[in-house]
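Here is a short briefing for a first look at this structure. Keep the sequence and the model side by side as you read.

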Amino acid sequence: MLKIAHTEYEALRRHGEETYPHECCGVLLGGTNDDGARIVTSIARCGNTRTDSPQNRYNIDPRELVRIQREGRERGEDIIGFYHSHPDHPARWSQTDFAEAHWIGCSYVITSVEKGRAAVTNSFELTGSDEGDKQLLDEKIQIS
C-alpha cells in the first residue's frame, strides 16, 4: 500500500497537467511503516530529459536523482517510489515502463492526463528479487 497526503497527491497530478502534452516525472520520498506500507512524506519534481519522445517517454537525469536521494537522506527520507504521467493514455504501466523500472520494492505511480486534465492515478509496486523475476503489481493508494 502507498499512503500519501492529499497535498502531495494533488501536486503530482498537477505536475502532469503542467507538462502536458509531455510526460512529467518525479520521485516519492518517505519511509516504510511496520506493516510494509510506503508512506510518502514529500515529492520531488524532476525534469524529463527525454528529447526524442517526451510525449510518451521519460527519463530522470541520474545526477538529479543522486541529489534528490542525498537531500532526502539529510531529512531522514528514502526514495520509496517514482511518478510520471501518461498524456492521453491510461494510467497503466507500459512495456517500456516495465523495462525501465529497476527499483525493486518501490512504488510506481502513473497519472493519465486527458486533454490536459489529470484523470485516473494508479500505483504499482515493483516486486521480485532481480531483473529476471520482477513484476509490477497493482497497489492500493490511501490518500489522507
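Contact here means heavy atoms within 4.5 Å. With that cut-off, and leaving aside neighbours within four places in sequence, Ile60 is in contact with Cys25, Gly26, Val27, Cys46, Gly47, Thr49, Leu65 and Phe82. The model is predicted.

**Nonpolar cores**

- The largest nonpolar core holds 19 residues. Val27, Ile60, Phe82 and Tyr108 touch the most other members.
- Six elements are named as giving two or more residues to this core: strand E2 (25-32), strand E3 (38-46), H2, E4, E5 and E6.
- E2 gives the most, with three residues.
- A second, separate core has 11 residues. Leu2, Leu12, Tyr83 and Val109 are among them.
- In soluble globular proteins, nonpolar side chains tend to be buried together.

**The largest pocket**

- The volume of the largest pocket is about 290 Å³.
- The pocket is lined by 13 residues. Closest to its centre are Tyr58, Asn59, Ile60, Glu100 and His102.
- Helix H2 (62-74) and strand E4 (78-87) each supply at least two lining residues.
- By type, the pocket lining divides into eight nonpolar, three polar and two charged residues.

**The cavity**

- How many cavities of 30 Å³ or more are there? The count comes to one.
- The largest cavity has a volume of about 40 Å³.
- Its lining consists of His84, Trp93, Asp97, Ala101, Tyr108, Ile110, Phe124 and Leu136.
- Six of these lining residues are nonpolar, one is polar and one is charged.

**Strand pairing**

- Strand E5 (residues 107-114) and strand E6 (residues 117-127) run antiparallel, joined by seven bridges.
- Across this pair, Tyr108 stands opposite Phe124 in E6.
- The hairpin of E5 and E6 has two residues between the strands. There, Lys115 takes a positive phi near 50°.
- E6 also pairs with strand E7 (residues 135-139), in the antiparallel sense, over five bridges.
- In that pair, Thr127 stands opposite Gln135 in E7.

Notes: Residues numbered from 1 in each chain as written. Predicted model: local features only at pLDDT ≥ 70, side-chain atom pairs only at ≥ 80, totals over all residues. Heavy atoms only, no water. 1 Å grid on protein atoms, 1.4 Å probe; cavity = no way out; pocket = protein on both sides within 12 Å on 5 of 7 lines; lining within 4 Å. Points joined across faces, edges and corners; volume = space filled by probe spheres on them. Helix = DSSP H or I, 4+ residues; strand = E, 2+ residues; numbered from the N terminus. Nonpolar A, V, L, I, M, F, W, Y, C, P; charged D, E, K, R; others polar. Pairing = 2+ DSSP bridges. Core = buried A, V, L, I, M, F, W, Y, C linked by side-chain atoms within 4.5 Å. Buried < 20%, exposed > 50% of the residue type's maximum accessible area, 1.4 Å probe, protein only.
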